Each structure stands twice: as C-alpha cells, then as structure tokens.
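Please open the model in a viewer and keep the sequence panel at hand.

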Amino acid sequence: MLKRKNLWLAILLVLMVWTSGWQTQVLAATEGNQSSVTVLGLDSKEILPEKTITNGDNETATQALKDAVGNENVEFTDTSYGPMLTGINGVKAEGTQYWAFFINGVSAQVGPDSYKVQNGDKITFRLTDYTKPASATVSLKVMDDKKNTIANLSSIEVIGSPNAFQLLQVALGNDQVGFEDTQYGKMITSLKGIKAEGTNYWAFYVDGSMAPVGAESYQLQNGNQISFQLESYATDPGNGGGETTPTPTTPIPTTPTPTPTTGTISAGDLQKGINSSSAYVLKNDIGEWQAIALKKAGKTIPESYLPGVQTVVKDKQGKFSKITDTERYALGVLAAGGNPENVAGYNLMEAIYNGNVTKQGLNGVAYALIALDSANFSVPTTAQWTKQKLVSYLIEKQNQDGGWAWDESATSDIDTTAMILTALAPYKDQAGVKEKVNAAVNYLSSQYQASKIDNSSTAAQVIIALSALGTDANSGDFMKDNSGLVQYLLTYQNKDGGFDWQGGDESDAFTTAQAFQGLVAYQLFTEGKGSLYHFTLTAGTPVAETPVVGTPETEQPTATVVAAATETSNASGHALPNTATNMYNLLAIGILLIIAGSILYIRQRKQNA
C-alpha cells in the first residue's frame, strides 16, 4: 500500500510540474521596447502610415522595415557595393532615385543594417531623387574646452520636427552621447568620450548664439548651425545655493575684432606666417587639409599620416557615406606621396567619378573636380562624371549675382563661390566658362569691399581661389583701406602661430588648417607655382598594401546606396528569443515521466495480481 501511495504521489508531482508550464507566456523582448516605421514616396507621399512594431534583441532598422511591411515586400538589388535597397511595397527606386533613411527625423549617418533600433525610435524610409536639393538641412559642430573641433558635420537633412538633442544622437551615435534625465530635461554629461566634470558643462549654441532653452526643447529650423562646446562656469555654483544660470567664460563674439593693418607683405613676412602656422599644425592631429598645406609648403608630413588613412579606407572598404570624405582622402593620400587609385586595393578616384557627387550639394561637385584635376588622372569617357560634365554642372548652377550657394539656392555664399572658383580655375579660359569666372570674381570683390568677409576661414577660401586663378588677393579689387585680403587674414593669427575664426586670442586646429592653406596658396601664387591642389603622380608613386583576398566584411553604407547585410536568419523572421518561458522543456520532461510512471504502475499491478 505504501509503495502504491508513493507512486501516485510521484505521478501527482509530475502533473504539477507539467501544468505549471501552462502559465501566460512573458517574452522579455516585448517589454517596453517598441519603435515605429513609416515609408514615404516621392514628395513625402505616404506609402506606409506610421506603424508601431515590437523590436527584437539587437534589431536593425532593416529588420524593423521587414517587420512593418513583410519580408516579401522589401526588395534588394546586388551591386558592387553590396545589397542595395531598391523597393518597398512594390514602389521601386529608379534612375536618380534612392531610399533615404531617417532616425527620429534626422538623416542617418549609417546604413539601416548598421543601426540598432532603440526604444521609442521613429524610423522613416523615404524615396528620394538625389538631383533635387533637400528641403531642410542643418549643420552640427562639437568642440572641446580648447576649441578643438571633435565633430563637424554639414548638410544633415531633417524632416518633420526633430530637436537638437535628437540631431546630436543621430549624428554622433547613441553611444557617443552621455546624458542624465533631470527635472529640467536631459543634461548632457559627455560627448564622444569627453566628460563635463567639475565646473565644466556642454554649452548649446544655435547660429552662433547661446540657446535660451535646452537641446531637447529646441526644434530644428532649416539652415540652423548647431554647436556644442565644453565650457566652464564663471564661478563654481557649489551645492548650497539656489539655481544659478551658467555664464560661459569664452563667449563666441558676434562681430570681428581684428583691425586690418596697412602696408605690404614681404616674402619674409609671408614665410614667417607660414612657418609659425606649420609649427602650430604639427602640434595637433594631422588631417587631409593640413597634409596638403604641409606638402605644398615644403614641410614634412608625419610618417603616421598615410598609414592611418590607409587603415581608414581599408576599414570602410573604400566606401564612405559622404562623397567629400572620399575626395579629401584622395587629396590627402596624394599629398603624402600615395596613389589614390590604389589605397589598400581601393580606387578612390573611380569612386569619385562614378559616385553621387551631388548628394552633398555643390561642395561635393566642386571637390570632385578638384580631386580629378589634382594630378594626371585619366577619367574614362564612360564615367558617370567626366571633368567636362562637372564643369557644365557647376556653371549651370551659378546665380545672377555671380556667386553660388552650396544647396543650389538663389542666396549665394562666399565660401561655396570660392571653392567652385578653385575647381573651375583650370578651365578659366574655356569658352562659356571665362565669363562665369569673371562674374564670380566680381562677386567676391564686392563682398570684400562691403566687409562681408568677416572671418579667417572665409578669407582663406577666397585667397585659395584667387591664387589658383592667378589673381593677386592682396591688391586691386581685393585691397581696401590700404590693406589687402592676405593682410586681413594675417590679423587673425595668434602668438602661438594658430588662427582664430572671428577674433580673439584662442587658436583652434580646424580654423588654423584653413588659414594655413590660404597662406601657402598665396605663396605658391607669388612664386608662380600654380594651385594648392595640384600634384604630380608618377609611375613610382607608392601605393598602399593590397587587401587580403577573401570574403569581404559587411559593406559600409553610403549616402546614396542603402546597404543591407547578408541575411543570416531564415525567411520566416526572427529566431525565438531565449528569454521566453521554458514551458516546452518542462512539458517534454513531464510527458516522459508520466509514461515511465504509467509503465511502472502497470507492471506493479500485474505482479500483485
């Protein structure tokens, strides 16, 4: 009797274990982790209304799109750059169209297959024609407490009503923006690993003026220049007082303070300015613009520069989201003695003449032409962008006042006009180009005479352009109050050899790089040595190492090619999350135990019979 009782107790225990598995399933992956997906056609016509989805673990924006519209409704085309998103819900990108990808209303700086969706994200895919300018763009600049630029992004397209904090997260990456939630909103604690400690804080500026609200409360407007700078309170507010409004110790001036000096510039004075500039430059990180100026000034480029660029190109597999990155790396490699036609096995020149050079406005077009003319490169007649096509595109976009605007609008700007003139310099005597160049030079001189050139960077760009054209930037129409434009630029040089953007005595690396280029360009002009961006590519020019042959890593996304990584999951969707209930394991064990118990019970009954 005791054995029979124990047997039934065992069976009852198994039943309890079995039935305990019939509880309501709770999947950890669904708790509070949701986002939305919207698909827009041309002119932002709605294809898929905003649809809320539940995100899986480490879900990418590509997978979120598939969750929203169905795996079968997303089409890809294989290209030399990897799989390219070409169709959503039967709507295909054709000709000059592509699928743009936005995160919370801000144009993504990575491809959708590289972005891990965050809780609350609003993901948007929009069919876009890259020949049409963006309806709204902003720029972002981040500087540390010494005014060194640690991030500088321009022409970031925005849609809807994103705020400045969302811009910061999308542009830099969520993991590069540290913050704390306070009763006053989000307080930024670190940017790109640089922490605000002690009396330091991250100041938020809009169009050069400190914003009256926090970044999360500021809705972006078209053309905004957003900047964050690490600054210090005038006094430490401590912990015992009431609420204190921080006062930056280094406010950004709104008007230029330097007063141009009079007189002429001797070759010795010009060389002195170049030498002190190069000394400042060499104390900081060397980028492409610094490398170009150092080379043309006869200075030594650090040996670490070229291998560093080779590593970047190899890591990116020769593809960058911004065409201007490809263009500047090509120029930097050339300046350092490398061959941009073979950098770690990748041809940067081909990436330019077959690239989407108009995506970043006229800047991308201008520097494409500058790069292709920088040495004796050959461009095939079958290229998407021949040199003549680039020239024609630029002259067609000139405004009636003789200038150009980077976004092809009717409001010309000095910097873009100067950059385009630099690009057109080799064609200045060509029919149909000469009159355009002359009109642009007149536009620049009128801006200088009207004191519209009010910072060192703009002055430097104009000097580079005029020097490439063979025009003296320090006399004639570029002389005012017995002072020329080059003398005006030198008024911004500080005792440490560096330059400040718009007055003051604190130099910064980004501004100094541009001013250094301007001085070197003018010296090349005075010595009859041609353009700042012209080099000689010989058969003996070294190239970078050849990449290892094999299966490439996941392609890096570009601005015009939305790449998707190779699928590793099955076509039906996600694998089951490993955080769900273990009911099925218990059920299987329970069934086995019941069968074993039943067999044991029957055998015992037969023995007792």
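How many bridges join strand S6 to strand S8, and do they run parallel or antiparallel? Select S6 (residues 97–103) together with S8 (residues 122–129): seven bridges join the two strands, which run antiparallel. Helices (H or I, at least four residues) and strands (E, at least two) are DSSP runs numbered from the N terminus, and two strands pair if DSSP finds at least two bridges between them.

Before going further, note that this is a predicted model, in which local features need pLDDT of at least 70 and side-chain atom pairs count only at pLDDT 80 or more, whereas totals for chains, interfaces and linings use all residues. Residues are numbered from 1 along each chain as its sequence is written, and side-chain values use heavy atoms, with hydrogens and water left out.

**Confidence**

Colour the chain by pLDDT, the predictor's confidence in each residue, from 0 to 100. The chain average is 81, and 77% of the residues score at least 70. Residues 12–31 stay under 50, and the model has 27 contacts for them beyond four places in sequence; contact means heavy atoms within 4.5 Å. The pLDDT is also below 50 over residues 234–263, a stretch with 52 contacts beyond near neighbours in sequence.

Return to S6, where six of the seven residues are buried, that is, under 20% relative accessible area, with exposed meaning over 50% and partly exposed in between (1.4 Å probe, protein chains only). Glutamine 97 stands opposite aspartate 129 in S8. Phenylalanine 102 stands opposite serine 107 in S7. The S6–S7 hairpin has two residues between its strands, and asparagine 104 there takes a positive phi near 55°.

Select the five strands of the open, mixed sheet in the order S10-S9-S16-S14-S15. Its edge strands are S10 (149–157) and S15 (209–210), each of which pairs on one side only. S15 pairs with S14 (residues 200–206) in the antiparallel sense over two bridges, and methionine 210 in S15 is the bridge partner of tyrosine 205. Now display helix H3 (residues 164–172), which packs on this sheet and touches S9 (137–143), S10, S14 and S16 (225–232). The direction of H3 makes about 75° with that of S9; axes are lines fitted to C-alpha atoms, for helices over the stretch in contact, and angles run from 0 to 180 degrees between N-to-C directions.

**The three-stranded sheet**

A further open sheet has the order S11-S12-S13, with antiparallel pairing. S11 and S13 (194–195) are its edges, each with a single partner strand, so one side of each is left without a neighbour in the sheet. S12 (residues 185–191) and S13 pair over two bridges, and serine 190 stands opposite lysine 195 in S13. H3 lies across S11 and S12, running at about 150° to S11.

**Aromatic pairs**

Rings of Phe, Tyr and Trp (its six-membered ring) pair if their centres lie within 6.5 Å; planes under 30 degrees apart count as stacked, over 60 as edge-to-face and the rest as tilted. By this rule there are 14 aromatic pairs. Zoom to phenylalanine 165 and phenylalanine 179, an edge-to-face pair at 5.3 Å centre to centre with 85° between the planes. Phenylalanine 165 lies in H3 and phenylalanine 179 in S11 (residues 177–182), so the pair ties together parts that are 14 residues apart in sequence. Phenylalanine 165 counts as buried at 4% relative accessibility, and phenylalanine 179 as partly exposed at 32%.

**Helix H12**

Move to H12 (residues 434–449), whose 16 residues reach 23 Å from first C-alpha to last, close to the 22 Å expected at 1.5 Å a residue; the expected span is 1.5 Å times one less than the number of residues. Its buried residues include Val437, Leu444 and Tyr448. The buried residues pack against helices H11 (414–424), H13 (456–469) and H14 (485–490), and strands S17 (479–480) and S18 (483–484). Ring pairs link Tyr448, Phe478, Tyr488 and Tyr492 into a cluster. Just after H12, serine 451 takes a positive phi of about 60°.

**Alanine 515**

Finally, select alanine 515 in helix H15 (residues 509–526). Alanine 515 counts as buried at 0% relative accessibility, and its contacts beyond four places in sequence are Ala460, Leu489 and Phe499.
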